[in-house]
Amino acid sequence: MPRLIELRIQALLYCLLLVLGGFTFCRTTLAEDSRRPNIVMIISDDQTYRDFGFMGNRQIKTPQIDQLAAQSARFVNGYLPTSVCSPSLATLLTGLFPHQSGIHYNHPPPGNSAFNRMTSRKEYEQTRSPAFQLIQSVDTLPRLLAAHGYRCLQTGKFWEGHYRNAGFTDGMTIFEPVPGQTFGGNRKLAKGTLAAHGNGDWGLKIGRETMQPIYDFVKDCEKDSTPWLVWYAPYLPHQPHDSPQKYFDLYRNQPGVKKNEIAYYASCTEFDDTVGELVHFVEKEADVKNTLFLFVIDNGWTPGERPMQPQENYHHTKASKRSPFEDGLRSPILIRWDGVTQPATLTELVSSIDVVPTLLNAAGLKKEAQRLPGVNLLPAAEGKEALPADRAVYGAIFPGDASSLKHPERDVAHRWVRQGNLKLITSHNANAQGKTWNNYIRGDVLYDVVKDPGETNNLIDDPQFKVQQQTLHKLLNQWWNPES
């Protein structure tokens with residue numbers, strides 16, 4: 001009998017250990033699942049996809065971003081849904097294409113020139129403010145993260161009025177003019193009154209004048225063990241290309257560097273230095289193994305031949321910013337999450353439409369991510385799952401001024417789709433002379449952008465591409481058909 005009792009006690013202890021062990025495992029799993037990573041979004045403003053050392057440029061100096069790239073999953077065939085600032089940044093906030101969010105413009109009605117002709121701040125702000133309802137009415141990345149315990153800081157470029165409109169808990173842009181700021185953010189109205197330009201106002205100081213707001217924010221969050229998001233979208237290398245002299249000196253009298261490239265390259269390297277400062281600060285002050293860094297460009301920008309003010313600045317080429325061409329639409333996407341992602345070069349087609357669902361998945365918000373049109377890049381970045389080789393990516397080009405709100409079909413000038421090597425661009429809303437906005441192309445065009453990255457050889461009438469052309473048209477209309 002004593003032996004039987006002993007065996008029963010042993011059995012009970014074993015069962016208890018199993019229960020406790022299972023409970024411990026369960027607690028550990030839940031703790032790991034609820035441990036949300038900090039997120040650093042680094043967004044370059046007006047920089048062509050080629051203009052980094054890790055992308056093959058041997059003239060421009062970008063050692064800090066190159067180091068970040070070396071530690072990242074590198075999606076080198078990334079695209080942007082459009083090639084101008086405001087709608088591209090809105091995609092990084094909403095995870096939606098511009099025609100879906102309704103933010104397909106830089107300036108809502110009545111447009112930039114009409115805003116400048118207004119005579120009072122009150123008139124200007126009342127006229128512009130209804131457009132902010134678009135961002136207020138959608139589940140943005142910061143709004144969703146904030147609802148799950150994050151603090152979210154906006155700095156730099158931001159077109160949606162006060163930072164709270166997009167769901168940020170903290171921020172720098174308040175839709176107020178900035179006295180004395182010469183590099184952007186202000187709008188001078190007809191009587192000389194200053195108003196907020198609408199692209200970032202006080203937030204544009206980040207990177208150009210200070211990094212302190214980010215440092216204070218991160219330290220404050222770390223003190224309370226609060227997960228955080230930093231939106232670092234400095235007005236760099238955006239014009240004015242007015243970097244400190246030491247950056248200009250890097251490129252003067254350098255073999256292969258053209259006169260019209262010096263100021264732009266200087267700004268690119270100034271931006272690169274700020275990225276290094278930010279990354280090194282986070283590595284020192286936060287748990288870097290629980291921090292995800294994501295880098296992307298808002299749109300491309302290539303210096304042209306036509307000079308402008310300030311001195312040594314040049315207008316961009318017509319084939320870059322605002323255009324439906326590669327120099328305006330492409331961007332590498334870098335994802336670094338130490339211990340999670342694998343440093344590697346990935347060549348499949350991706351899009352900035354994938355950024356928000358990727359970050360939501362990283363934060364454990366999988367259901368919210370599933371509602372969006374983009375895909376989660378984390379499995380590919382972790383080396384666990386390859387992206388489809390036949391994936392198509394899409395976008396559209398719109399004028400900088402919208403003719404009306406909530407009607408992108410009235411303004412769209414071009415749609416485009418790339419699948420494999422081929423890229424189709426269609427034309428819309430042509431005038432009586434057959435010209436679309438900015439007169440980039442007439443009719444539809446088809447390019448092999450691998451063999452012909454400059455998009456000079458139009459294959460639209462080549463019979464050997466007829467089937468592929470029909471497939472691309474079908475894909476494009478399934479994505480969005482503004483004429484249906």
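Visitor: Why is Glu-312 called partly exposed?
Guide: This is a predicted model, and in it Glu-312 has a relative accessible area of 28%. Buried needs under 20%, and exposed needs over 50%. The value of 28% falls in between, so Glu-312 is partly exposed.

Visitor: What makes the phi of Glu-312 worth a remark?
Guide: Phi of Glu-312 is near 75°, a positive value, and the residue is not a glycine. Most residues other than glycine have a negative phi. Glu-312 sits in the loop between β10 and β11.

Visitor: Why is Asn-438 placed in the partly exposed class?
Guide: Its relative accessible area is 34%.

Visitor: What makes helix α3 (residues 85-94) mostly covered?
Guide: Ten of its ten residues are buried. Each therefore has under 20% relative accessible area. Among them are Cys-85, Pro-87, Leu-89, Leu-92 and Leu-93. Just after α3 comes Gly-95, with a positive phi of about 75°.

Visitor: How do you know that β15 and β16 pair, and in which sense?
Guide: Pairing needs at least two bridges. Strand β15 (residues 392-397) has six bridges to β16, so the two strands pair, and they run antiparallel. Ile-397 stands opposite His-414 of β16.

Visitor: What makes β16 and β17 a pair?
Guide: Six bridges link β16 to strand β17 (residues 422-427), again in the antiparallel sense. At least two are required, so the pair qualifies. Arg-418 faces Lys-423 of β17. The two strands form a hairpin with two residues between them. In that turn, Gly-420 has a positive phi of about 65°. As for cover, five of the six residues of β16 (residues 414-419) are buried.

Visitor: Why is the link between Glu-326 and Lys-423 called a salt bridge?
Guide: The N to O distance between the two side chains is 2.9 Å. The cut-off is 4 Å, from a Lys or Arg nitrogen to an Asp or Glu carboxyl oxygen, so this pair passes.

Visitor: How is the chain divided, and what makes its parts a contact?
Guide: There is domain 1 (38-389) and domain 2 (413-479). The contact takes 15 residues from domain 1 and 17 residues from domain 2. Here contact means heavy atoms within 4.5 Å. The area buried between them is about 1400 Å², with 63% from carbon and sulfur atoms. One salt bridge is counted between the domains. Their C-alpha centres lie 28 Å apart.

Visitor: What does UniProt list for residues 37-364?
Guide: An unreviewed UniProt entry gives "domain: Sulfatase N-terminal". In the model, that stretch is 30% helix and 18% strand. Its end C-alpha atoms are 9 Å apart.

Terms used: Residues numbered from 1 in each chain as written. Predicted model: local features only at pLDDT ≥ 70, side-chain atom pairs only at ≥ 80, totals over all residues. Heavy atoms only, no water. Buried < 20%, exposed > 50% of the residue type's maximum accessible area, 1.4 Å probe, protein only. Helix = DSSP H or I, 4+ residues; strand = E, 2+ residues; numbered from the N terminus. UniProt positions renumbered as here; feature names shortened; annotations may be inferred. Domains from an automatic or database assignment. Buried area = accessible area lost by both parts, 1.4 Å probe.
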